[in-house]
Amino acid sequence: MEATTAAPAAFSKDEAKAKAVDMLDYINASWTPYHAVAEASTRLMKAGFQHIAEKDAWKLKPGGKYFFTRNMSTIVAFTIGQQYQPGGPFYMIGAHTDSPCLKVKPVSKTSSGGCQTVNVETYGGGLWYTWFDRDLGLAGRVLVREGSKLQHKLVKVDKPVLRIPMLAIHLQRNLYQEGFKPNLQDHLKPVLATIPKAPKPAAAAAAASSAAPAAAPTNGSSTSAAAAPGNVVDNHHAALLALVAEQLGCAAEDIVDFELNLCDVQPGVLGGAAEEFVFVGRLDNLASCYTAMEALIDSCKSPDDLASEPAVRAVAMFDHEEVGSDSAQGAGGPVMRDTITRVARLLAQGEEGSIERTLRQSFLISADMAHALHPNYTDKHDALHAPAFQGGLVLKHNSNQRYATNAISAALFREVGRRAGVPVQEFCVRNDMPCGSTIGPILAHNLGCRTVDVGMPQLSMHSIREMAGVDDVLLAYRHFLAFFRTFSELDASLDIDSLPPPDIKGTIREPACSHVH
C-alpha cells in the first residue's frame with residue numbers, strides 16, 4: 001500500500017450542521033421503508049439516475065447511472081465506470097430501510113374501557129416502553145380500488161391521532177422495585193378515540209351498518225368486532241379508515257388493504273448545548289442509508305468522475321433487517337446477487353466466468369449503526385473498544401462472525417479513511433455479553449465477497465427516539481465518498497490470493513529424516 005500520509009480533513013461547524021440537517025430532512029420524510037425508498041428515488045432522479053424495472057430487459061452502458069426498487073421498500077442504485085471490463089468488481093455499501101416499530105394488525109378494531117383502541121403487532125426488537133406517552137401518527141402503503149384497477153399509494157397521517165398511555169404510579173406502586181414490564185399484547189394497544197366521540201363518516205358508517213356490531217364491554221375487558229373475511233371496512237375502526245381515506249382523497253370503502261406503521265409525529269432536531277447531537281427516530285438505520293446514498297450521488301456528479309473507474313459503484317438499502325433479512329426484499333434474499341448477475345452478464349456479453357470473477361473482486365461495506373459508549377453505563381463496553389461521539393465511523397469486529405470484518409477488509413477500510421483524513425474507531429463486544437449482527441455476514445455468505453462492518457456511533461438504539469453526533473454524519477459521508485472515489489486504486493495494490501506461498505517466520509522446520517522407511 002502507498003506509504004503517504006494525509007492530514008486530517010478539516011471542516012467547519014456549519015458544514016457539519018448542514019449535512020446533519022439534510023439528513024434530518026431525509027429521515028423526517030421517511031416514516032416507513034416505503035417512504036424512505038420514495039425519498040431516495042426522488043433524490044436519485046434529481047441527480048440524473050435512470051429508473052429501471054427488474055421485470056424489464058435492461059440496457060446498460062459504461063458511464064450510466066441507474067436504480068430500481070423491489071417491493072417499494074428496498075432500493076438498489078449503481079453507476080458503471082467508463083473503464084469497466086468483463087469480470088470487473090462491484091464496490092458496494094449496504095444498509096437497511098426498516099426500524100423497530102408497531103404495525104397495525106390485519107384486524108385492528110378493538111375496544112375497551114369506553115375507548116376505541118387499535119390492535120398492533122411489534123416489529124423487530126424495539127424498546128417498547130419508549131412508545132408510551134408519545135404522540136403517534138400513521139404511515140405506510142395502501143391499495144386503493146379505482147374503477148377496475150388497484151392503485152398502490154403511500155400515506156402519512158402526520159398528526160397525533162394515537163397514544164399509548166402509561167399507567168399512573170399510584171396504580172403500580174411496585175414499579176421501582178419490580179420494573180416496568182408491560183404485556184406486549186394487552187398493554188400496547190394505542191387509544192384512537194372514545195366510543196361516544198369517535199368520528200363516523202357517512203360512507204364508513206353506511207358500510208359498517210351491515211356488519212354485526214361488536215359486543216359492548218361490560219367489565220373493562222378488551223373485545224373485538226367480528227370481521228367479515230377480506231372486508232377491510234369491517235376489520236378496522238371507521239375513524240382510522242377515515243383518517244387514511246382523507247389523506248388519500250378517496251372513500252373509505254375504496255381501501256382494499258394496507259400496511260401501516262405507527263410513527264412518532266415529533267420531527268427530528270439538532271440538540272445539545274452546542275447543537276452537536278441529532279435527536280430523531282429511525283437513525284438505525286436511515287442515517288447509514290442517507291450517508292451512503294449521498295456519497296454515491298456525489299461520487300459521480302459529472303461524467304469525468306467515472307472516466308477512469310473500472311468498477312461498478314453501488315448502494316443497496318434493504319428491508320427486513322430488523323427481523324432477520326429472510327425475505328424477497330431482504331439482504332438474505334436474492335436482490336444483490338440478482339443485481340450483480342444481471343449487470344456482470346450484460347456487460348460481459350456472455351464471457352466465461354464473468355459473474356464469478358466479479359464476485360471474487362468485489363468489496364462490500366455493511367453500514368449499520370454502532371453502540372457509542374454510554375456515559376451512565378460505561379461498564380457495558382470493553383474499555384479498549386468504546387466508540388465516542390464525533391469520532392468517525394466504527395469498525396465492528398467479532399471472531400464468531402456476527403460481523404463480517406477481517407484483518408484484510410478492516411485494513412483496506414482504515415486506509416481509505418487515512419488517505420482522506422477521516423478517523424476510524426474500533427468496536428468489539430465484551431466477552432460476557434451477546435453480540436448483535438448485521439446484513440454483513442448474510443451478504444458475505446450469499447455473495448462470497450470481501451466485507452467489512454462499520455457504523456456511526458449512537459445511543460438509544462431501537463428507542464422510538466435515538467441520538468447521534470452531528471460531526472459523525474459528515475465524517476461517515478466523507479468516508480463513503482472517499483471509498484467510491486479511491487478504492488479502485490487502493491484495491492489494486494493488495495491481492496492476497498494471487499501471491500506466492502508466504503514466507504512464514506518463526507516456525508520450527510523438521511530436519512529431513514535419514515533412515516529408510
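Select Ser 41 to begin: this residue is buried, with a relative accessible area of 8%, where buried means under 20%, exposed over 50% and partly exposed in between (1.4 Å probe, protein chains only). Ser 41 belongs to helix H2, residues 33-46; helices (H or I, at least four residues) and strands (E, at least two) are DSSP runs, numbered from the N terminus. The model is predicted: local features need pLDDT of at least 70, side-chain atom pairs count only at pLDDT 80 or more, and totals for chains, interfaces and linings use all residues. Residues are numbered from 1 along each chain as its sequence is written, and side-chain values use heavy atoms, with hydrogens and water left out.

Next, display the surroundings of Ser 41. Leaving aside neighbours within four places in sequence, Ser 41 is in contact with Phe 67, Thr 69 and Ile 75; contact means heavy atoms within 4.5 Å.

**The whole chain**

Along the principal axes, the C-alpha atoms fill a box of roughly 95 × 65 × 60 Å. Of the 517 residues, 50% count as buried. Among contacts with a separation of 6 or more, 78% are accounted for by residues 24 or more positions apart.

Switch to a surface view. The protein exposes about 23,900 Å², of which carbon and sulfur atoms supply 53%; these areas come from the Shrake-Rupley method with a 1.4 Å probe, and for residues only the protein chains shown count as cover. Colouring by charge displays 47 positive and 55 negative side chains, with the centres of the two sets 4 Å apart. Here Lys and Arg count as positive and Asp and Glu as negative, while His and the chain ends are not counted; the place of a charge is NZ of Lys, CZ of Arg, CG of Asp or CD of Glu.

**The nonpolar cores**

Which residues of the largest nonpolar core touch the most other members? Select Tyr 26, Ile 93, Val 278, Leu 283, Ile 365, Phe 480 and Phe 483, which hold that position among the 62 residues of this core. A nonpolar core is a set of buried Ala, Val, Leu, Ile, Met, Phe, Trp, Tyr and Cys residues joined through side-chain atoms within 4.5 Å. Helix H12, residues 470-491, gives the largest share of this core, 12 residues. A second, separate core of 36 residues includes Leu 136, Leu 138, Leu 188 and Val 232.

Centre on Tyr 26. Beyond residues up to four places away in sequence, Tyr 26 touches, among others, Ala 36, Arg 43, Leu 286, Tyr 290 and Met 317.

Then move to His 479, also in helix H12. His 479 is buried, with a relative accessible area of 0%. Outside the four places on either side in sequence, its contacts include Leu 393, Phe 413, Val 416 and Pro 423.

Select Asp 257 in strand E11, residues 255-264. At 42% relative accessibility, Asp 257 counts as partly exposed. Apart from residues up to four places away in sequence, Asp 257 touches Val 142, Leu 143 and Val 232.

Proceed to Gln 116 in strand E6, residues 115-123, a buried residue with a relative accessible area of 13%. Gln 116 and His 96 are 20 residues apart in sequence and 34 Å apart in space, C-alpha to C-alpha. Contacts of Gln 116 beyond four places in sequence include Thr 110, Pro 190, Leu 192 and His 237.

**Backbone features**

Finally, inspect the backbone at Asp 284 and Asn 285: the peptide bond joining them is cis, with omega near 15°. Asn 285 is found in helix H7, residues 283-299.

Where does His 320 lie? His 320 is in the loop between strand E14 (312-318) and helix H8 (335-348), and has a positive phi of about 70° although it is not a glycine. His 462 has a positive phi near 75°; this residue lies in the loop between strands E20 (457-459) and E21 (466-469) and is buried, with a relative accessible area of 19%.
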